[in-house]
Amino acid sequence: MFDFLDGYDLLGAFWVTVQLTVYSALGSLIWGTLLAGMKVSPVPLMRGFATGYVNVVRNIPLTVIIVFSSLGLYSTLNISLGASDITDVNFRLAVLALSAYTAAFVCEALRSGINTVPVGQAEAARALGLSFTQVLRLIILPQAFRSVVNPLSNVLIALTKNTTVASAIGVMEASYLMKGMIENEAQLILISAVFAFGFIVLTLPTGLILGWVSKKVAVKR
Amino acid sequence: MSSVLYDAQGPRAKRRNILYTVLFVLVAAAVVWWVYDGLASKHQLDWIKWKPFFTSSQPWETFIWPGFQNTIKAAFFALIIALPLGALFGIGRLSEHRWMRVPSAVVVEFFRAIPVLILMVIANQAYSEYTELDPETRLLYAVITGLVLYNASVLAEIVRAGILTLPSGQTDAAKAIGMRKGQTMLFVLLPQAVTAMLPAIVSQVVVIVKDTALGGAVLSFPELLASVRPMAANYGANTIACFTIIAVIYIALNFTLTSFASWLEQRLRRAKKSTGAVVGTGPGGDLETIGAPSLNIDDGRAV
């Protein structure tokens, strides 16, 4: 029944999806945290930059950003991010685009987490003489991160699904393979079911595990 | 202007902030210069590349306007089909009958777990195998189908969250005056929930508009993003200029919608007549919730 899978590297394609997700998640977490830090900082210019970045990036379709990274950055400006062959170039560009896009949502999630920390804590920290960076790093962010595990897991699930857009610039992940398969094989329903199942396997446990984690680490108030 | 994190600033803090501002400007200027240099050395900033958009209406009439129309068409139909469908499934998930609740939940969770792109590709192939649609209509239908399946399930969650925000006294009161379950839902719960849901629905429209671009990149549906390639080819490889124009259009359209959503949310929160419950637009808009309805349900205490 599943002999239509012969000759296709199904696991390999999903492995690329997982890699895209993990690298982009790391990239967007770092950049998103920096943006959130800027957004609450006492320097007006940094606040303005972070606000502007989030507003601009989240209103552009991810597809536009990813296609731009290939047509604009690579083909026009020859930015290849240190990769030599085209497979690597596309992969790295996709990670860059996904990180830049997802960081805006990480920033928003973190900022809402910062709002959940009671004012008194920051006041107490300041009374002890901690600086802005110390208050943020030692008091606010650790608690903010614990309260935003759930929103961040939603961002991660959305990111997992968004990696499919990378197929638009020829990254050979799961949806790229599926598109080829359903054009060549007369097994539309079975192939669709296999890939749908693949994505459910990737996203459902993420939601369940991180949901459990978020209950476990939540700061009880 | 002080916030939770820092006090009103004294002279030393002010000096330090100026230092940080200067450093930030220097870093930003370095990045801008690097980008400018890169663009200029590839002749992407030459006036000839940008001229078509400012001196003649031809690129707007030939490429951008038809693409924009297709984007709006797909988004509009997706929304008006997904809304009632979403309401149906959202209410279905709240039903007292297991045979309605369980299938609704399965359908909603299933279509939320699958990428929209995959839904569009499958729909496109299904239409080409099982129907006689001509290619142009087929692409539009495929894009709308993908968008509807995904967004109806997200809207179902919004509807469910909206109804759950209402105080349980509403249902009790409706029961007390002898309303049936259907009447309670139709005349008491839904009208109030709709106002609570409005901001979240408007933000979902942004997601729909953004996702139409998938149709252009993957199915070659002739929408706004798809107009970049022919346009860049026609005006002498002005890829950067074309992308800039397209991105600005998307930002203008979606920023208007986002601002409208947050204005609506604030207005509804302040409204005295409603229950004050609002289904928040969430941190991002296209964030899904799996399992519990953790769409920022606000009980109206927070302002």
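**The salt-bridge network in chain B**

Begin by selecting B:Arg93, B:Glu109, B:Arg112, B:Glu157 and B:Arg160, which are linked in a network of salt bridges. Please keep in mind throughout that this is a predicted model. Side chains of opposite charge can pair when their charged atoms come close.

B:Arg93 belongs to helix H3 (residues 58-93) of chain B and B:Glu109 to helix H4 (residues 98-113) of chain B, so the pair ties together parts that are 16 residues apart in sequence. Are these two residues buried or exposed? B:Arg93 has a relative accessibility of 14% and counts as buried; B:Glu109, at 18%, counts as buried too.

Now select B:Glu96 and B:Lys181. Their side chains meet in a salt bridge, with 3.2 Å from N to O. B:Glu96 sits in the loop between H3 and H4 of chain B, while B:Lys181 is in helix H8 (residues 181-218) of chain B, so this pair ties together parts that are 85 residues apart in sequence. B:Glu96 counts as exposed, at 58% relative accessibility, whereas B:Lys181 is partly exposed, with a relative accessible area of 49%.

**Chain B as a whole**

How many helices and strands does chain B contain? There are ten helices and two strands. Read from the N terminus on, the elements run α-α-α-α-α-α-α-α-α-α-β-β. Chain B has 303 residues, of which 47% count as buried. The chain exposes about 15,300 Å², and carbon and sulfur atoms supply 66% of this area. Consider also the contacts in chain B between residues at least 6 apart in sequence: 71% of them join residues at least 24 apart.

**B:Ala232 and its surroundings**

Select B:Ala232, which is found in helix H9 (residues 228-234) of chain B. With a relative accessibility of 9%, B:Ala232 counts as buried, because the limit for that class is under 20%. Which residues does B:Ala232 touch, not counting those up to four places away in sequence? They are B:Ala237, B:Asn238, B:Thr239 and B:Cys242.

**A nonpolar patch on chain B**

Show the surface and select B:Val27, B:Val31, B:Trp33, B:Trp34, B:Val35, B:Tyr36 and B:Leu45. Together these residues make a nonpolar surface patch of about 750 Å². One of them, B:Leu45, lies in the loop between helix H1 (11-41) and helix H2 (47-55) of chain B. B:Leu45 is partly exposed, with a relative accessible area of 32%.

**Where chain A meets chain B**

Display both chains. Here, 62 residues of chain A are in contact with 56 residues of chain B. The size of an interface is often given as the accessible area lost when the parts come together. The area buried between chain A and chain B is about 5,200 Å², and carbon and sulfur atoms give 72% of it. Between the two chains the count of salt bridges is zero, while eight residue pairs are in polar contact, both residues being at pLDDT 80 or more. Several elements give two or more residues to the side of chain A that touches chain B, including helix H2 (44-57), helix H4 (86-116) and helix H9 (188-217) of chain A. Select H9(A) in particular: the largest share of that side, nine residues, comes from H9(A).

**Inside chain A**

Over all chains the structure holds eight salt bridges. To see one in chain A, select A:Lys39 and A:Glu108, whose side chains meet in a salt bridge with 3.0 Å from N to O. A:Lys39 lies in helix H1 (residues 10-39) and A:Glu108 in helix H4 of chain A, so the pair ties together parts that are 69 residues apart in sequence. A:Lys39 is buried, with a relative accessible area of 14%; A:Glu108 is buried, with 10%.

Finish at A:Ser70, found in helix H3 (residues 62-76) of chain A. A:Ser70 has a relative accessible area of 13% and is buried. Leaving aside its neighbours within four places in sequence, A:Ser70 is in contact with A:Ser75, A:Asn90, A:Leu93 and A:Ile169.

Methods:
Residues numbered from 1 in each chain as written. Chains lettered and ligands numbered in written order. Predicted model: local features only at pLDDT ≥ 70, side-chain atom pairs only at ≥ 80, totals over all residues. Heavy atoms only, no water. Helix = DSSP H or I, 4+ residues; strand = E, 2+ residues; numbered from the N terminus. Buried < 20%, exposed > 50% of the residue type's maximum accessible area, 1.4 Å probe, protein only. Contact = heavy atoms within 4.5 Å. Areas by Shrake-Rupley, 256 points an atom, 1.4 Å probe, with all protein chains shown as cover. Patch = residues over 30% accessible without salt bridge, like charges linked within 9 Å, V, L, I, M, F, W, Y side chains within 5 Å. Salt bridge = Lys/Arg side-chain N within 4 Å of Asp/Glu carboxyl O. Buried area = accessible area lost by both parts, 1.4 Å probe. Polar contact = N/O pair within 3.5 Å; in protein donor to acceptor, adjacent residues only side chain to side chain.
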